[in-house]
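This report describes the architecture of one protein chain for a reader new to it. The sequence and structure are shown first, and the description follows.

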Amino acid sequence: MTLPTAFRGRMRLPAIAAPMFLVSGPELVTETCKAGVAGSFPALNARSNEQLDAWLGDINQALETARAAAPEAAVAPYGINLILHASNPRVEPDLELICKHRVPFVITSLGHPGEVVERVHAYGGLVFSDVIHAYHARKAAAAGVDGIIAVASGAGGHAGTQSPFSLVREIREFWDGTLILGGAISDGFAVRAAEVLGADLAYMGTRFIATRESLAQDAYKAMLVDAGAGDIVYTDAISGTNANFLWPSLEKLGHQREELVQGVGKGRLKALADEAKAWRDVWSAGHGVATIHDTPTVRTLCDRLAEEYRAACALPPSPALG
């Protein structure tokens, strides 16, 4: 397993707070990084290229100030998610800003990362590519990415259906670079489990929605606290590609469970503008809601996660062993 130099000695927990559409903003990113967990956000959460320019400047300044004020503290790097799909007209201008601000790591989705790899590597940044199958992981590896994000069954958003046990071990058969695992990881014990499987970092999304600094509506956060794993529905009816959503938010809009089956959207990604409207009213979450019971500050959450992680690392071997 390989952890990039940019992450070594700068983390309190081997985890990345995943970029979440309409949820992750500058405050969530900076507070997460200052708490020792890598923060990230989707470029499209900034409403314009000009706003993205301002956000990146603010994040860089905030983290530089934090490191100067406490050089001994673990202030983690941050990243940005870039959607490479042809329907995104902002790919090129956003990439220019990423290079201008020298964003430490870039997460690519829905497209070939080759050009992003070339341009981000030119300033010394890292590129991680998210995948749901080993097939796509091989393509990302061939493109020269620095890390692969395996988005397994149970993750929020556009999740895969393959078990994390299977997906990580399959990818590890051909990939010895940085591997990040996502899928129902909501506490420090699950972060440690991801490492034991063979991942270098855990990818945590849903747990960070239910924090005070996230951009999610208060009703969204409350729904996460009240929900269980049985309230998660996997469907392509919202965006044209399969994703996990909270059933109460779907029910509120008049959807029927029996209609929300794979194939309704015929696997076609909707235009980004249409999808944005859909995700604004229908809320995504992963199976990790099963252990979410409060809405703390990011600092409180990261302190708790780090404590749980240390406890998991200290667990004794099974008494079944001779």
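## Nonpolar cores

The largest nonpolar core of this predicted model comprises 75 residues, and those with the most contacts inside it are Ile80, Leu82, Ile98, Ile171, Leu181, Phe208 and Leu246. A nonpolar core is a set of buried Ala, Val, Leu, Ile, Met, Phe, Trp, Tyr and Cys residues joined through side-chain atoms within 4.5 Å; buried means under 20% relative accessible area (1.4 Å probe, protein chains only). Helix H2 (residues 49-69) gives the most to this core, contributing six residues. A second, separate core of 17 residues includes Ile16, Ala76, Phe105 and Ile180.

Contact here means heavy atoms within 4.5 Å.

Eight strands form an open sheet with parallel pairing, in the order S1-S8-S7-S6-S5-S4-S3-S2. S1 and strand S2 (39-42) stand at the edges with a single partner strand each, so one side of each is left without a neighbour in the sheet. From one strand to the next, the twist averages 25 degrees. Helices (H or I, at least four residues) and strands (E, at least two) are DSSP runs, numbered from the N terminus, and two strands pair if DSSP finds at least two bridges between them.

S6 and strand S7 (residues 178-182) pair in the parallel sense over five bridges, and Val151 stands opposite Gly182 in S7. H2 packs on the sheet, where it touches S2 and strand S3 (78-83), and its direction makes about 160 degrees with that of S3. Helix H3 (residues 91-101) lies across S3 and strand S4 (105-109), running at about 165 degrees to S3. Axes are lines fitted to C-alpha atoms, for helices over the stretch in contact, and angles run from 0 to 180 degrees between N-to-C directions.

## Two buried loop residues

Pro19 is placed in the loop between strand S1 (15-17) and helix H1 (26-34). Pro19 is buried because its relative accessible area is 16%. The contacts of Pro19, not counting residues up to four places away in sequence, include Phe41, Asn81, Ile107 and Tyr203.

Ala143 lies in the loop between helix H5 (134-142) and strand S6 (147-151), and is buried with a relative accessible area of 15%. Leaving aside neighbours within four places in sequence, Ala143 is in contact with His112, Pro113, Gly114 and Val117.

## Basis of the values

Residues are numbered from 1 along each chain as its sequence is written, and side-chain values use heavy atoms, with hydrogens and water left out. As the model is predicted, local features need pLDDT of at least 70 and side-chain atom pairs count only at pLDDT 80 or more, while totals for chains, interfaces and linings use all residues.

How values were computed. Buried < 20%, exposed > 50% of the residue type's maximum accessible area, 1.4 Å probe, protein only.
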